[in-house]
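Please read the sequence alongside the model below. The report that follows treats helix packing, an annotated region and a pocket.

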Amino acid sequence: MRLAELSGRSGVSTATIKYYLREGLLPPGRQVNATTAEYGEEHLRRLRLVRAMVQVGRLPVATVREVLGHVDDDSLGRTVRLGAALWALPQVPEPDADDEHVRAAREEADALLEALGWSNARLLKTISPAYRSLVVAVAALRRLGYRPDAELLVSYARLMHRAAELDLDHVEQQPSEAERVEAAVLGAILVEPVLQALHRLAQEEESARRYGFE
């Protein structure tokens, strides 16, 4: 397809597509002549991914470029490639290691991973943004006087593990390695808000089932 058709099918203006091309967010098309290039379905798919990151995820161009670099890196194994792409997304900052609540939260997070038997998470905890996010969240609870119930956290974590299995089942249905990584990135940006909304709806449903509307 030519640029105008790519614009029409993707909903992205030709000026924006040209900008993405200049910034390296979109691979160049097949050159037909000095002034014309043709684009394929892979360009349309990549445009949708870029739009999700820029418009929904509100990511800066530099971050999008970094994520896409990992998506397209054929030298990486699947686990590393997925992890590198997801870790390049915005993450919480490193918490203050001297904060007593952070130290206690780390202990609780470590005990949780031990109880779950999540050996990979324990191995990567010093560099994992997800582990850091968990520590920051638990520390915030403790700072406000709340101590998370360990058994409840284990139950929540097991539910999340099932969600992760469903995520990867979907990812593995994609035809190419790059598309599998793209699906994982899209899931992190687009599906996580859906899961949060479903959680709220489930709470409303269960509340009405238990207590009615009195």
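How are helix 6 and helix 8 oriented to each other? In this predicted model, the axes of helix 6 (residues 100-116) and helix 8 (residues 129-143) come within 8 Å and cross at roughly 125°. Because angles over 145 degrees count as roughly antiparallel and those from 65 to 115 as roughly perpendicular, helix 6 and helix 8 are oblique to each other. The crossing in which helix 6 passes helix 8 is right-handed.

A second pair can be described in the same terms. For helix 3 (residues 41-56) and helix 4 (residues 61-71), the axes come within 11 Å and cross at roughly 140°, which makes helix 3 oblique to helix 4. Helix 3, too, passes its partner, helix 4, in a right-handed crossing.

| Helix pair | Axes come within | Crossing angle |
|---|---|---|
| helix 6 and helix 8 | 8 Å | roughly 125° |
| helix 3 and helix 4 | 11 Å | roughly 140° |

Turning to the annotation, an unreviewed UniProt entry assigns "domain: HTH merR-type" to residues 1-70. Over residues 1-70 the model is 61% helix and 6% strand, with the end C-alpha atoms 27 Å apart.

The second largest pocket has a volume of about 160 Å³. Its lining is made up of Arg-2, Leu-3, Lys-18, Leu-21, Gln-31, Thr-35, Thr-36, Ala-37 and Tyr-39, and by residue class this lining of the second largest pocket comprises 4 nonpolar, 3 polar and 2 charged residues.

Key:
Residues numbered from 1 in each chain as written. Predicted model: local features only at pLDDT ≥ 70, side-chain atom pairs only at ≥ 80, totals over all residues. Heavy atoms only, no water. 1 Å grid on protein atoms, 1.4 Å probe; cavity = no way out; pocket = protein on both sides within 12 Å on 5 of 7 lines; lining within 4 Å. Points joined across faces, edges and corners; volume = space filled by probe spheres on them. Nonpolar A, V, L, I, M, F, W, Y, C, P; charged D, E, K, R; others polar. UniProt positions renumbered as here; feature names shortened; annotations may be inferred. Helix = DSSP H or I, 4+ residues; strand = E, 2+ residues; numbered from the N terminus. Axes fitted to C-alpha atoms, helices over the stretch in contact; angles between N-to-C directions. Parallel < 35°, antiparallel > 145°, perpendicular 65-115°, else oblique. Left-handed = near helix turned anticlockwise from the far one by under 90°.
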